[in-house]
Structures are given as C-alpha cells and as structure tokens.
Amino acid sequence: MLATVGVASVDDLFADVPSELRLRRPLALAEGMSEQEVFTELAGLAARNVSVEDEISFLGAGMYDTYVPALVDSIISRSEFLTPYTPYQPEVSQGGLQAMFEYQTAISELTGLPVSNASVYEGPSAVAAAGYLAKLHNGRSRFVVSEGVHPHAIESLETLAHGWEMEVERVALDNGATPMPAVDEQVSAVVVAQPNFLGAVERIEPIVEAAHAAGALVICAADPIPLGLLQAPGAQGVDIVVGEGQTLGNRLDYGGPSFGFFAVTESLMRRMPGRIAGRTRDLDGRTGYVLTLQTREQHIRREKATSNICTAQALNALAGIVYLSWLGREGLIELTELLVQRTAYARTRLASIPGVELAHHQPVVREFPVRITGRLDAVLEHCYASGINPGYRLSADELLVAITERRTRADIDRLATAIEEALS
Amino acid sequence: MSVTTDRRSPWFIAAADDDLTIFDRSRPGRRAFTAPTLDVPERPLDELIPAALRRATPARLPEVSEPEIVRHYNRLSKRNFDLDTGFYPLGSCTMKHNPKLHERIAALPGHARLHPLQRPAAAQGALELMWSLQQALGEISGLPHVSLQPSAGSHGELAGVLLTRAFHEAHGQQRTKVLTPDTAHGTNPATVTMAGYDLVKIGTDAAGNIDVADLREKATDEVACLMLTNPSTLGLFEPQIKEIAQIVHDVGATLYYDGANLNAIMGICRPGDMGFDIVHFNLHKSFTQPHGGGGPGAGPIAVSDRIEPFLPRPQVVRREDGSFDLDHDRPRSIGRLRGFQGNFGVFVRSYAYIRSLGAGGLREASEVAVLNANYLLARLREEGVLEHLPAAYPRLCMHEFVLSGAPMKHELGIRTLDLAKRLLDHGVHPPTVYFPLIVEEALLIEPTETETRETLDRFAAIVADVLREAADDPEIARGAPYSTPVRRLDEAGAARQPVLREQF
C-alpha cells in the first residue's frame with residue numbers, strides 16, 4: 001500500500017506534522033486487551049454500581065425506572081438502525097426518516113402542537129434550546145422561569161442566557177404550584193413544567209393568558225407519560241413544549257443517552273432547532289421522506305442557523321416511537337391511570353406515618369415530596385440498609401418519591417415499613 | 001473489475017404495503033400492551049386529578065399488535081443503508097466499525113439500569129469509568145482537564161466558546177468576535193452566534209492551509225477565540241499550527257480545537273502540544289459510538305489549566321481516599337449544559353474501545369486511517385478518476401481527502417450529486433458531498449482504518465466505472481439511483497409545503 005501511495009514509510013505520511021510536535025513516546029495509557037479481558041474489566045466496574053435491579057428504587061426527579069418492553073431492544077439493536085449516520089442520502093435512509101416522521105406525529109399528538117422535530121439531546125438542554133428560540137423570535141431581555149422546572153433545566157438555560165446577555169428570573173412555588181407570574185414587555189418567555197419538579201399538575205392556562213397578554217411566549221417542559229391523561233399543553237395555548245424522553249422506551253444509563261422532544265406552533269416552525277423529517281414524493285411518484293426545512297440548520301445557514309445542533313438522539317427517539325406504538329392509544333391512558341392510583345396509595349400510606357407529612361397537596365401523577373423534619377438522615381440510612389432507595393433528597397428535610405409501573409403495592413408497603421422502623 | 005449497470009437490482013425486499021406508516025396500520029381496539037395489575041384500592045379519578053386538568057380526547061397513538069410493530073419496524077430497517085452492511089466513506093463523519101462487544105457491555109444492568117441520581121457511594125463503578133475516560137482523553141489530547149458533559153460535538157463547541165467567554169470575563173474583558181476558517185464545519189459558525197459572538201471568517205491559501213496573513217490582519221484584541229479543525233476539513237494538517245497559535249495567543253484569544261478529525265492524529269501529535277486551549281471530542285466518530293441514524297453521540301471537552309476553573313459542573317473527581325465523587329462546588333463554573341452527568345452509555349462504549357486498543361492500538365488506528373485515505377486517493381488516481389475528479393489539493397492527505405467534481409461536470413455532464421446517487425446503485429454509501437464549501441462540487445472521502453484494502457480497491461473501481469458509464473451516457477447517473485427503495489425525492493416540494501406529521 002505504501003508503494004502505491006509512493007512513500008517509504010507510514011511516518012512519511014505525517015510529513016506535514018512539524019517534527020517538534022510529534023509525540024516521541026507512546027501515549028501514557030495501558031496497552032490494549034483482548035475482548036474477553038475488556039468485558040471482564042468493565043463488567044467489574046458495572047458490578048460496583050447499585051442499579052434499580054439491586055434495590056427497590058423510588059428515585060425519579062427527571063428520570064424513572066420504567067419498564068422497557070423487549071421489542072424495543074430488539075428493534076433498536078438492529079444494525080440498520082444502530083449504525084447509519086444522519087440520513088443525508090434519503091434514498092437509502094427511508095427507514096430512519098419514516099420512523100422520524102412517525103415519531104414527530106406521536107409527539108405532536110402528546111404535546112398538542114402541530115410541529116415536532118426529530119429529537120434534541122435531552123430534557124434540560126431542550127429547555128435551554130427553547131429559550132434560544134424565544135430569543136430569536138422576539139429579542140427580549142428576560143426569561144421568567146417557575147422553580148417547578150427541573151433545576152438542571154433552569155441551570156442549563158442560565159448557562160446559555162449569560163451569553164445572550166439575558167436574565168433568568170425565578171418564580172418560587174407556592175404550595176407546590178407556580179403562582180401567577182408578573183410578566184412585562186421585556187419578558188421573552190415564561191417557562192413552566194407539567195407536572196412540575198415536585199410532581200404537581202400545574203394549572204397552565206392562566207399563566208399562558210398572562211404571558212400572551214404581554215407578548216411573551218410560553219415554554220412548557222412536560223413529562224410525556226402523564227400527557228396521556230393530562231390536557232395537552234399545546235391545547236392550552238403553550239407555544240413550545242419540550243421534555244425528557246427517557247420514559248418513552250429508554251433505559252436509565254446513569255443519565256443518558258435518552259432524548260429530548262421539541263414541539264412548536266406553526267408560526268415558530270421555521271425557527272425550530274434540529275432535524276425535521278417531511279413527507280414528499282420520488283421521481284416515480286412514490287411516497288418518501290426527507291430531512292426538510294434545512295435552511296434553518298447549521299450545515300446550510302452556518303452563522304445564521306437557528307441552532308448549532310447536528311448529531312441529536314435519533315436512535316433514542318426511535319425507541320420512543322416503538323414504545324408509544326407498543327403502549328398504544330388506550331395503553332398510554334391505562335399506564336398513566338395505574339401510576340396515578342399507585343402514587344395516590346403511596347402518598348396516603350406515607351402521609352399516615354407519624355413524622356412524615358406531605359410537602360404539598362396539589363394533584364400528582366407519579367411523584368410527590370414528603371417532609372421528614374429532623375429525621376431524614378436516619379430514614380435514608382435505614383432504607384439503604386434495607387435494600388430500598390426511598391427517593392431523591394430535595395433538602396435537609398424533604399424527599400421526592402417517584403412511583404413507576406415497576407413499583408408494586410408490596411414495594412410501597414416495604415418503603416412505608418422501612419420509614420416507620422426508622423422513625424420509631 | 002466489472003460492475004453491474006442493471007437499472008433495477010433491488011437490494012431490499014419490496015412489499016405492496018411499504019407505503020404504510022404505523023398510524024396507517026392502526027385499527028380500533030388492537031393493542032400490544034397489557035397493563036400490570038392494579039394492586040391498590042382504586043379511587044375515583046376525579047378525586048385525584050380534577051377533570052378540568054385532564055384530556056377530553058386521547059392522544060391518537062397507533063392501535064397495533066406486537067407482531068405488527070415488529071414487522072413494521074423491521075421492514076423499515078431494510079430501507080436503511082448501514083455501516084454493518086456496506087462501505088460508508090462519509091467524510092468528516094469517521095464511519096469506523098462499531099465493535100459488538102460495546103453493546104454487550106453497555107447493556108449490563110449495572111450500567112444501563114443505574115439511576116443518574118444514585119448516591120455516589122452506590123455508583124463507584126460508573127464514576128470510576130468516567131474518571132478513567134477523562135484521564136485517557138486528557139492524555140490523548142494533551143489537555144489534562146476533561147468534562148464529559150456535552151451531548152455531541154456541537155454541544156461541546158458551545159461549551160468551549162462559553163468557557164472562552166468566562167475566561168475573558170474573569171480577566172475583565174468583553175471580547176466580541178470569534179474567528180473560524182472558511183472551511184469550518186457549519187456547527188462552528190452556528191455555535192459562535194449561539195454563544196453570543198460575531199463571526200469573522202479567515203481565508204484559505206492556495207495550498208489548502210489557513211491564510212496566515214489574513215489571520216494576522218483579523219486577529220485583534222476584540223477576538224475571543226479562533227476555532228480550528230486540524231487536520232482541516234480538507235483533510236490537511238496545518239503545518240504552520242505553531243505560528244497560528246502564537247498569533248492567536250499574542251492577542252490574548254483562546255485557540256479551540258474541533259475534534260471531528262481527531263481520528264488522524266491519536267498518539268501521533270496532540271492538540272495541547274500544538275497550543276490549543278480547548279478541545280472537543282466526538283465519541284461517536286473517533287471512539288466508535290454507533291451513530292444511530294443521527295445520534296446519540298457525546299462531545300466531551302478537554303482544556304488547559306487556565307480554562308479549568310470554568311468547566312461545567314458537576315465534575316467527576318477522585319477524592320484523597322481513592323473514592324470517586326461528583327464535585328458540584330465549582331463557583332467559577334459556566335454552569336450546567338444539560339441534565340445529570342452526560343451520555344454515560346456512550347462513555348461506556350468509548351472507554352471499552354480505549355481499553356481494547358490501548359496506547360499502541362490508538363496510534364495504529366490513526367496511522368492506518370491515514371494510510372487508507374492516501375491509498376484510496378492513489379488508487380483513484382490509478383483508475384483515472386482524478387482526471388475528471390482532481391484532488392482539490394494535490395498533496396499527501398491525512399485521514400480524508402477532497403476531490404472536486406467541477407471538471408467532471410463540464411467534461412462528462414454529471415454533477416457530484418449524480419455520482420453520489422449512482423454510487424447507491426453499487427451498494428456503497430456516497431462520500432460527503434458539497435462540503436467543504438470552498439471546493440466546487442466537492443466530494444469529501446474518509447475511508448477509516450477499519451476498511452480492508454480490497455474494499456478500497458473495489459470502491460476505486462466502482463467510481464471509475466460510474467465515470468466511464470457517464471462518458472457513454474450521462475443520463476444514467478443523472479437519473480440514479482434505480483435500485484433503492486425510492487428514487488430521487490422532491491426535496492424542494494417538501495420544504496415548500498411541509499408535511500411533518502401524519503394527518504388524521
């Protein structure tokens with residue numbers, strides 16, 4: 001091969017690399033290993049983690065121990081979905097493109113907005129991306145953000161807003177829900193969550209009215225499963241609905257990869273970030289799909305693009321549409337109702353324990369906070385020792401408890417018993 | 001070597017119902033899901049969620065059975081070209097083999113079913129893996145401080161430019177401009193705008209290197225950063241990189257390394273040694289995360305000492321007692337860019353790759369990537385392809401190279417697009433087309449190190465064959481592809497009258 005190239009050695013191929021920049025030693029990394037040895041080493045690391053299979057986990061706060069049906073694994077592990085690049089050659093990417101189109105349809109249905117993209121990175125950065133869309137849309141100077149929005153999302157928005165010289169004003173919750181915010185003409189967007197970070201189902205319509213009256217957009221970060229039961233934010237006038245897609249057929253993976261969904265009104269369509277699949281026809285008149293509205297995107301518009309996003313989360317979004325097809329129209333409702341009933345049971349059961357009180361009394365779907373004043377350390381310690389992870393610690397005295405379809409009544413009773421033991 | 005010119009040679013199984021979406025297949029009452037048993041006392045729903053907060057009508061998800069779902073998506077999969085099936089020399093995308101071992105390891109419950117808010121004491125394996133990956137990426141880049149948080153290359157770029165902003169602000173400076181070469185990936189200029197800076201473009205000289213005189217002129221004290229890809233998107237190493245770094249640093253700006261092309265230089269030279277302050281990695285390019293048809297990826301960043309205080313939080317750290325932890329106490333941090341700790345499942349695969357190859361293997365990967373690119377360029381020359389598709393810059397390339405289809409367009413009457421579409425009929429994925437923008441009718445070819453010499457020979461022969469065919473009858477390429485699930489699609493129509501979801 002070197003002779004064909006016309007050089008004497010591999011080293012000669014790097015002639016453009018100045019001699020003083022050549023690394024004259026091996027990288028300070030261990031030498032390679034066989035497949036079997038790599039497996040053993042990394043399996044050893046995995047064994048040092050306590051997964052949701054190793055304990056009864058009530059952790060949530062943005063990602064949830066949901067059941068992923070076997071058909072999702074089967075489909076997304078196919079090489080034809082796993083190993084292609086972004087579909088730049090649509091003639092040989094119809095599978096991925098059509099799946100995106102189907103995904104967009106399902107997200108549009110859940111969010112109640114007509115236009116969905118094909119995915120963004122994940123939930124919190126999707127809120128930041130929605131903020132950028134609002135900035136491009138109206139050029140105003142401030143975001144008003146409910147503290148019911150996931151703290152990682154608020155912080156992600158703040159990180160970017162600093163570069164845009166925009167302020168992020170936080171609105172504290174009142175009994176777990178977002179009070180009516182003051183919105184003036186400098187406000188670019190009001191940001192809320194549904195259900196919010198403390199599990200409460202928000203009353204969104206009055207907030208939308210106040211925001212729209214001042215000409216501001218409304219961004220809602222939604223948990224997609226509860227949207228099976230709750231009013232679609234888009235139907236309540238929200239302009240941009242985003243959210244974390246992990247619960248739609250994706251595993252926990254210690255926080256990623258999952259996907260973010262992103263849906264907007266018709267009027268914001270041409271400022272949307274990310275890939276969008278559209279339906280069209282081929283030369284022979286057959287139905288086909290392409291990436292469309294690409295004049296928004298970085299590879300065409302460069303510094304005038306509406307976002308810098310390129311690689312997103314196509315495989316995770318595919319898991320999302322396969323999962324939603326598996327749940328189906330009735331199944332999504334049945335699953336959400338199961339969560340509501342089990343969560344109500346857990347909430348009542350825990351609140352009946354002396355020393356445990358509810359931190360708010362808003363309606364909830366799958367998650368609620370409790371206050372265990374002065375004794376939370378002892379509760380956590382005893383629960384961990386009993387093989388239970390009781391939830392996410394919000395503060396010195398508050399615990400956020402999540403219920404998924406994998407948590408049975410028996411699990412909930414064990415949690416209650418462990419807390420009772422710790423407090424007795 | 002003879003190549004088929006059959007106008008119809010389906011490489012997939014066509015069926016009469018291929019046009020149907022999963023929604024078209026929906027029938028009332030059909031289902032796959034059975035809900036787990038309701039094992040708690042049922043309460044009236046109105047008591048729990050007031051009716052006013054609930055949907056009046058269900059979301060119109062499909063109503064389909066499991067066999068239908070499986071068949072539908074398996075059929076769709078057959079309408080995709082993929083790396084496991086064929087050669088995919090897509091320039092700038094590093095379509096190297098994705099080892100199957102990585103999928104097995106990533107799926108282990110200790111990785112896949114670990115909650116991101118698990119307390120650090122119960123996630124020591126994950127934190128150690130992340131810390132070890134940080135160390136490895138620091139060594140490979142020559143920049144010791146690594147954050148794994150960004151979700152993809154463009155996210156890493158955004159982090160990097162925001163770090164630059166924080167660095168200048170800490171020195172009481174408000175700089176307004178960021179420089180990028182005119183050959184840059186589109187994500188670079190888009191990032192500059194998104195981070196709140198104005199873009200200034202730097203030209204390219206006749207040899208394909210950055211125009212140093214132009215850089216000198218535009219490097220002022222208003223400049224915050226120069227974003228550079230090295231090797232460049234032309235597949236060429238910048239021989240004057242030390243001088244470039246000097247110019248940038250002399251005006252107090254930072255030098256940013258777009259790691260999309262890192263696959264050319266692993267273990268051979270390091271961005272940190274070249275003078276770069278900030279690097280992003282594309283774990284889905286150089287470090288074998290499967291591309292997934294458009295993600296997931298991951299875009300970790302590595303930085304020098306002076307940038308370190310501003311890295312995103314939390315950072316994965318090793319405490320004095322040898323335990324691993326998340327450090328949230330970083331008062332000068334730019335903050336978070338996303339939720340939790342980043343795309344951990346990607347880190348698992350990339351770390352497995354680094355452990356498999358080791359120091360010597362990574363260097364060899366880059367050497368073979370560069371050898372394969374130069375060999376393919378030489379073979380295309382031998383096949384006579386370069387007579388119509390000359391190399392944009394006739395010199396040794398790194399891991400990829402650019403041809404210009406401009407002569408082909410005039411001499412043979414087919415455009416780069418036509419060549420690309422005709423390649424589809426030969427069962428190979430076309431290279432990147434019409435990028436970089438400064439080369440007319442560009443074709444950017446990156447074979448990667450995991451392709452055999454025979455595959456490269458075959459590809460050279462196929463391209464030569466398409467050109468011979470075009471010399472004879474250009475209409476064939478102009479009408480291509482013929483054997484694919486669909487033929488050329490009306491993209492203009494799709495954008496003019498967007499249909500972005502199923503209509504019910």
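Tutor: Welcome! Two residues are in contact if their C-beta atoms, placed from the backbone, lie within 7 Å. Keep in mind that this is a predicted model.

Student: Which residues of α11(B) meet α14(B)?

Tutor: Let's go through the contact from the α14(B) side. That helix brings Leu456(B), Asp457(B), Phe459(B), Ala460(B) and Val463(B). By class, the contact has 7 nonpolar, 1 polar and 2 charged residues. Facing α14(B), the residues of α11(B) are Asn372(B), Tyr375(B), Leu376(B), Arg379(B) and Leu380(B).

Student: At what angle do helix α11 and helix α14 of chain B pack?

Tutor: Two packed helices are described by the angle between their axes and the distance between the axes. Here helix α11 covers residues 344-382 and helix α14 covers residues 453-472. Their axes lie 9 Å apart, and the angle is about 35°.

Student: Is the crossing of α11(B) and α14(B) left-handed or right-handed?

Tutor: A crossing counts as right-handed if the near helix is turned clockwise from the far one by less than a right angle. For α11(B) and α14(B), the crossing is right-handed.

Student: What radius of gyration does chain B have, and why does it agree with a compact globule?

Tutor: Chain B has 504 residues, and a compact globule with that number would have a radius near 23 Å. The value for chain B agrees with this, and it is 26 Å.

Student: How far apart are the centres of domain 1 and domain 2 of chain B?

Tutor: The domain assignment places domain 1 at 8-79 and domain 2 at 102-355. Taken over C-alpha atoms, their centres are separated by 40 Å.

Note on methods. Residues are numbered from 1 along each chain as its sequence is written. Chains are lettered from A and ligands numbered from 1 in the order in which they are written. This is a predicted model: local features need pLDDT of at least 70, side-chain atom pairs count only at pLDDT 80 or more; totals for chains, interfaces and linings use all residues. The radius of gyration is taken over C-alpha atoms; the globule rule is 2.2 Å times the number of residues to the power 0.38. Domain bounds come from an automatic or database domain assignment. Axes are lines fitted to C-alpha atoms, for helices over the stretch in contact, and angles run from 0 to 180 degrees between N-to-C directions. Helices (H or I, at least four residues) and strands (E, at least two) are DSSP runs, numbered from the N terminus. Ala, Val, Leu, Ile, Met, Phe, Trp, Tyr, Cys and Pro count as nonpolar, Asp, Glu, Lys and Arg as charged, and the others, Gly among them, as polar.
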